[in-house]
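Here are a few exercises to work through with the model open beside you. Try each one before you read its solution.

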Amino acid sequence: MGIKMEKVTQLWYRQPASDWNEALPLGNGRLGGMVFGAASCEQIQVNEDSVWYGGPMDRNNPSAKEKLPQIRSLILEGRIHEAERLGKQAIGGTPQGMRIYQTLGDIAIDYDLQDAQVTQYERGLDVADATAYVHFMTDETLYERTFFISEPAQVMVMRLTAKGKHKMNLEIMQTRHHIYDFSCKAGKDSIILGGNLGKDGLDYAMMCKAVTKDGEIEVIGESITVRKASEVILYWSAGTTYRMQNLEKEIEALLNKAADRDYEVLYREHVADYHAFYERMKLTIDGDEDRAQLPTDRRLAEYAQGVSDKNLEQLYFNFGRYLMISCSRPGTLPATLQGIWNKDMEAPWDAKYTININTEMNYWCAEPCDLGDCHLPLFDLLRKMLPNGQKTAQQMYGCRGFAAHHNTDIWGDTAPQDLWIPGSFWVMGGAWLCTHIWMHYEYTLDQEFLREMFPIMREAAQFFLDFCIDYKGYLCTCPSVSPENTFILPNGEQGANSVGVTMDNQILRDLFTQCNKAAKVLGVQDDLDRQIAAACDRLIPTRIGSDGRIMEWCEEYGEKEKGHRHISHLYGLHPSCQITKDGTPALAEAATLTLEKRLENGGGHTGWSRAWIMNYYAKLWDGARAYENLRLLLIKSTLNNLFDNHPPFQIDGNFGSIAAMTEMLVQSDENRIVLLPALPPNWNSGSIEGVCARGGAKLNLSWQEGRLQTAQIMVKRDMERRILYAGRSVTLQLKTGVWTTIKF
């Protein structure tokens, strides 16, 4: 297989990665790798999705139930500092921290080139084929490397070749930050490294096998030595006792099975599997295609200087889809804060599942990009969380149902994480995740899925029937926070915990409404259904303050950070559809002012926050401002390998921004589909094929000079759908599986 000359689907560079933030990611959902590309010694940092330190814990604080009434009284009396001090003691988890996602380790391939002069160097990642490459010349020899991680074979394959004057003399080693129990020979051509992941933790192992047709292989100590080879293929895999029982035997079987097959067959199988996801949709933004012939880091630098590069924006979109397919597949764990790619033993925020925005944002792009099956690992995690959340609800709050706070882990932990007052004592994490159940149903119309997940939705709703209090005639959460933000009381006291926070009301309005809609779909009519409907009617409506903005708390408190990165009180605008440009114009205007004030004071300074802002402006049908924030994200919050930069790297900005790019072109709710609602002025011509909309719909659109040219729609079930474009509306009677042309 030669190196592709077509660059429009490639990230590529003329020098090796100087650090991890420039390395190129590979993944098959379960296994991940970051390829650095150094000429003399290749490094691949590797991950396996179940490498989490430690086993399951019961961290529910037994004091919470007893002290909850006192905490609530203090909050209602305005004695916030006292309430929060008691909350740290009584509500904080015991211990305060849950389990963490860790790096698996590194593979090093030493070429023994010493100080050889390297020319014609290039490395890249083709997101259309999920393949990375490196090639360079030295001393009349062309060295080429090709890397891919096969989902069908469950191995990483590394093909190394030398053509010309010299052959390869290699040393291959595996390491894990010097923290492992054993590293040794596993056969005449293989090595193994492994150990245990702490108290009550999983066992893990990774193995590498070398195959050559013309060279010599010898295992010496913990390394594989290859001599005088023109071609070497390395097969690598890993696992833990989360899925495997006999690690060495099962991993060895994967390697041997792959090695017994022809390389080209393995590669074709890998590409076909990947294409089954990647080729479902296509975004084309016409213009600037010639810039693909420049290295990606140069393109980013020139883009920051104002050079137009619509093709880079298209590449960024496709890279985001590539990341989703590569880190979240059916049967794997969901994407963490870093997807599957983590270089640290103790990563920032533990590389966990932060469920007060970040994990949810990871999956906003899945359904519209026709990657609903990549969404499924999130629901597997919810199933795991359910029994833990039931225990948390009962033991900590004396409530029925299930509850989760602002983090969870591989074991579905639901107790509070950390003793961080602005974030920890927030009981909405499980509720927010449950709104993704209805989201998946709306796009797929999969009633069997809805029937299976419906009890979890109802468990989440039932918790709030018990947990919420009556406050000024409304049903309100207490205590709660507007995630990670801090308010100032009229007396100057600062705090984060309050009652009836706007985001809570908006999430509950979605959860309660969706439970009732799901009950109707499934033919369920019972007392709980009626209780949920009644509770929904008692929530505080989204309100506009005296300054014209959406109120963040139930009272008009001052803001400690006027440019705070979280703009949680606009949840109702996005990801929800409670605030719409055409349906609630007053709230939409207040949301616009809310965004303006946040941005004026420094908002959007983290990558994921900028991505959320893009979605907000898309939903406000403001293509110019949505695009302005896309540009700012690429300029200020994107690393040279196109990873989102919080800083440090977090993958939610990648996923959130491509969700926004789809929202600019197609929006949907249960009432209508809107075409090109926020088309950026400089995306004058282009097309999108295979984009999905609620109601089981799929669309193809094209536009020229900023105006819709062609539009087609197909649905999974006979239905009537209302379509909007540029202030015009058409209602169509649609037939299952038939493409219908939309005419205005």
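**Exercise 1.** Which residue just after H13 takes a positive phi? Then describe the helix itself.

*Solution.* Start at the end of the helix: Gly602 has a positive phi of about 100°. A word on the basis: this is a predicted model, in which local features need pLDDT of at least 70 and side-chain atom pairs pLDDT 80 or more, while totals for chains, interfaces and linings use all residues. Residues are numbered from 1 along each chain as its sequence is written, and side-chain values use heavy atoms, without hydrogens and water.

Next, take the length. Helix H13 covers residues 585–600; helices (H or I, at least four residues) and strands (E, at least two) are DSSP runs numbered from the N terminus. Its 16 residues reach 23 Å from first C-alpha to last, close to the 22 Å expected at 1.5 Å a residue, where the expectation is 1.5 Å times one less than the number of residues.

Finally, look at burial (under 20% relative accessible area, with a 1.4 Å probe and protein chains only; exposed is over 50%, partly exposed in between). Among the buried residues of H13 are Leu587, Ala591, Leu595 and Arg598. Their cover includes strand S26 (558–559), helix H14 (607–619) and helix H15 (623–636).

**Exercise 2.** Trace the strands on both sides of S14.

*Solution.* First, S13 (residues 182–187) pairs with S14 in the antiparallel sense over five bridges; pairing requires at least two DSSP bridges between strands. Cys184 has Ile192 as its bridge partner, and a hairpin of two residues links S13 to S14.

Then move to S15 (residues 203–212), which pairs with S14 in the antiparallel sense over seven bridges. Here Gly194 is partnered by Ala205. Six residues lie between S14 and S15 in their hairpin, and Gly198 in the turn has a positive phi of about 90°.

Why is S14 largely enclosed by the rest of the structure? Six of the seven residues of S14 (residues 190–196) are buried, so the strand is largely enclosed.

**Exercise 3.** Find the order of the five-stranded open sheet, and then its edges.

*Solution.* The order is S19-S29-S30-S31-S34, with antiparallel pairing. Strands S19 (282–285) and S34 (740–741) each have a single partner strand, so one side of each is left without a neighbour in the sheet. Inside the sheet, S29 (residues 686–693) and S30 (residues 697–704) pair over seven bridges, and Glu689 has Asn700 of S30 as its bridge partner.

Key. Contact = heavy atoms within 4.5 Å.
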